[in-house]
Amino acid sequence: GATVAYLNRRITGRLLDVVEAARQALSGRLGATESTGIRELDDLRDSLTRADIYRSAILEQVEQRTAQLNRAQAQLTEFTQQLDDSIERERLRLAREVHDQIGAIFTGVSMLVGGLPAGSISPEQRQAINGALDLGLATARRITAELRPPLLDHLGLDAAVEDMASHVLGATGVA
């Protein structure tokens with residue numbers, strides 16, 4: 001009987017030690033390298049520790065990639081703005097050149113035709129030449145306005161959009 005009682009106390013004491021070690025391990029009070037005395041529990045704790053390390057590394061990598069993505073997005077936005085500004089400057093330059101150069105040529109030719117002595121060309125020819133010159137001037141004005149509407153520079157975007165809408169929708173009868 002004394003041997004059984006002794007073994008019973010030893011087994012009970014060992015089980016209480018294991019339960020306490022398991023409680024400490026689960027609550028985080030047991031150090032990462034201390035053994036609980038239960039191999040499976042120690043293995044589980046080690047696996048969870050490694051998983052936590054991997055999770056932290058992944059979160060750090062996600063933060064780095066997100067920061068890189070945000071920087072790339074900001075650069076793309078800046079590049080897009082620079083490109084838009086460049087396109088607008090080029091449109092303005094082309095519109096001015098079309099207006100100044102082609103408009104001046106048509107006006108000059110019109111003045112030359114108007115200065116021709118009477119009888120040097122027939123009235124029909126004069127009318128056809130003037131019609132062609134007027135069409136050329138109107139085309140130069142249209143191209144200039146399509147490249148960069150003058151209202152945009154003088155009265156702003158609202159007026160330019162309103163004018164464009166009235167021209168486009170006016171032909172359809174839509175108010």
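The legends below describe close-up views of a predicted model. Residues are numbered from 1 along each chain as its sequence is written, and side-chain values use heavy atoms, with hydrogens and water left out. Because the model is predicted, local features need pLDDT of at least 70 and side-chain atom pairs count only at pLDDT 80 or more, whereas totals for chains, interfaces and linings use all residues.

**View 1. Confidence along the protein chain.** The mean pLDDT (the predictor's confidence in each residue, from 0 to 100) of the protein chain is 84, and 91% of its residues reach 70 or more. Among the elements, helix H2 (residues 39-114) has the highest mean pLDDT, 90, and helix H4 (residues 150-154) the lowest, 74. Helices are DSSP runs of H or I with at least four residues, numbered from the N terminus.

View 2. Thr144 counts as buried because its relative accessibility is 11%; buried means under 20% relative accessible area with a 1.4 Å probe, protein chains only. Beyond its neighbours within four places in sequence, Thr144 is in contact (heavy atoms within 4.5 Å) with Ala95, Val98, His99 and Pro149.

**View 3. The second largest pocket.** A pocket is an open set of points on a 1 Å grid over the protein atoms alone, where a 1.4 Å probe fits, with protein on both sides within 12 Å along at least five of seven lines; lining residues have an atom within 4 Å of a point. The volume, the space filled by probe spheres set on the points, is about 180 Å³. Thr144 is one of the lining residues, which also include Ala95 and His99. H2 gives the most to this lining, with five residues, and H4 supplies at least two. By class, the lining has three nonpolar, three polar and four charged residues; Ala, Val, Leu, Ile, Met, Phe, Trp, Tyr, Cys and Pro count as nonpolar, Asp, Glu, Lys and Arg as charged, and the others, Gly among them, as polar.

**View 4. The largest pocket and helix H5.** The largest pocket has a volume of about 350 Å³. Of its 13 lining residues, Ala145, Pro149, Ala160, Asp163 and Met164 lie nearest its centre. Nine residues of the lining are nonpolar, one is polar and three are charged. H5 gives the most to the lining, with six residues.

Key:
Buried means under 20% relative accessible area, exposed over 50%, partly exposed in between (1.4 Å probe, protein chains only).
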